[in-house]
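Subject: Structure for your review

Dear colleague,

Please find the structure below, together with the sequence. My notes on what was found in it follow directly after.

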Amino acid sequence: MDSVFRTDRGRIRAHNEDNGGVFVNTVNDCLAIVADGMGGHNAGDIASQITIESMKSKWETVKQIETPNQAQEWLESAIYEVNQAIFAHSKGNEECSGMGTTLVAAICTTRFCTIANIGDSRCYLFNESGFNQVTEDHSLVNELVKSGEITKEDAEHHPRKNVLTRALGTDSVVKADFKTITFEEGDSLLLCSDGLSNKLTQQDIQQILQANLLLEEKADAFVRVANENGGEDNITLIILEHSAGLESG
């Protein structure tokens, strides 16, 4: 499995509140995470940093994930612990009050990927069947779209586009969504913060993923285009490719 991680401050923000990474355990199963922190001062940085460090540390002790159920159970446990840690930190440090973070995380083996998400960071799948968004945003505008009050086109430019209905660490309990997909040779998975998904159309994203470029070049192209289109937010992404020559195990 090939992977690349990029994070960029963008053109407007004074600092980068995003965090993320790709972590491999002892049997080469992969955990990919993108977290987009939020909160006053540097609190967003802290929330996303706690998320990545906690989940990375927990993942390094995993021996093997053999089934999607095991993957979901691991993610549920890790998310519970991270949520408790962020919530406790925000309660114990006044300057961090109300801080939180989005989360999109994927456990990928050579046979499947199990994805968890909270907030509006996204996961996309590109394979022989086409290009699809795997996750569903936990946002005000998405709720308005689902209820039929606004169209998807309206949502793209809605003034409250960044209002989340769920975030990690803002409450004592949080619910993540989970989805497992088949992951086969030639498939690509993209995890990203809204600093990317708000600046590129789905057609733009698909074109870069299917381009005849090295993985690093695709990642650099995503960052470049997001910045060319305004770069108002931090930009973070992970691309995972199920490369040729891997056997299901």
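Two strands are taken as paired if DSSP finds at least two bridges between them. With that in mind, in this predicted model, the bridge partner of Ser 3 in strand E11 is Leu 240. Altogether, 7 bridges join E1 to E11 (residues 235–241), and these two strands run antiparallel.

The sheet

E1 and E11 belong to an open sheet of 5 strands, ordered E1-E11-E10-E7-E8, with antiparallel pairing. Strand E1 (2–8) and strand E8 (130–133) stand at the edges; each has a single partner strand, so one side of each is left without a neighbour in the sheet. From one strand to the next, the twist averages 15°. Helix H7 (residues 215–228) lies across E1, E10 (188–192) and E11, and runs at about 155° to E11.

The hairpin

Strand E2 (residues 18–24) is joined to strand E3 (residues 30–38) by 7 bridges, and the two run antiparallel. Within this pairing, Phe 23 stands opposite Leu 31 in E3. The hairpin of E2 and E3 has 5 residues between the strands, and Asn 28 takes a positive phi near 70° there.

The overall fold

The protein has 7 helices and 11 strands. Its radius of gyration is 17 Å, close to the 18 Å that the globule rule gives for 249 residues, so the protein is as compact as a globular protein of that length. Along the principal axes, the C-alpha atoms fill a box of roughly 50 × 40 × 35 Å. Of the 249 residues, 49% count as buried. The accessible surface comes to about 11,600 Å², and 44% of it belongs to carbon and sulfur atoms. Turning to contacts between residues at least 6 apart in sequence, 70% join residues at least 24 apart.

Aromatic pairs

How many aromatic pairs does a search of the whole structure find? The search finds 2. Trp 59 and Trp 74 form an edge-to-face pair, at 5.1 Å centre to centre and with 80° between the planes. Trp 59 lies in helix H1 (residues 43–59) and Trp 74 in helix H2 (residues 68–92), so the pair ties together parts that are 15 residues apart in sequence. Both residues fall under the 20% relative accessible area that defines buried: Trp 59 has a value of 0%, and Trp 74 has a value of 10%.

The rings of Tyr 124 and Phe 131 have their centres 5.2 Å apart and their planes at 15°, so this pair is stacked. Here too, Tyr 124 counts as buried, at 0% relative accessibility, and Phe 131 counts as buried at 12%.

Ser 197 has its place in helix H5 (residues 194–197) and is buried, with a relative accessible area of 5%.

With kind regards

Methods
Residues are numbered from 1 along each chain as its sequence is written. This is a predicted model: local features need pLDDT of at least 70, side-chain atom pairs count only at pLDDT 80 or more; totals for chains, interfaces and linings use all residues. Side-chain values use heavy atoms; hydrogens and water are left out. Helices (H or I, at least four residues) and strands (E, at least two) are DSSP runs, numbered from the N terminus. Axes are lines fitted to C-alpha atoms, for helices over the stretch in contact, and angles run from 0 to 180 degrees between N-to-C directions. Contact means heavy atoms within 4.5 Å. The radius of gyration is taken over C-alpha atoms; the globule rule is 2.2 Å times the number of residues to the power 0.38. Buried means under 20% relative accessible area, exposed over 50%, partly exposed in between (1.4 Å probe, protein chains only). Accessible areas come from the Shrake-Rupley method with a 1.4 Å probe; for residues, only the protein chains shown count as cover. Rings of Phe, Tyr and Trp (its six-membered ring) pair if their centres lie within 6.5 Å; planes under 30 degrees apart count as stacked, over 60 as edge-to-face and the rest as tilted.
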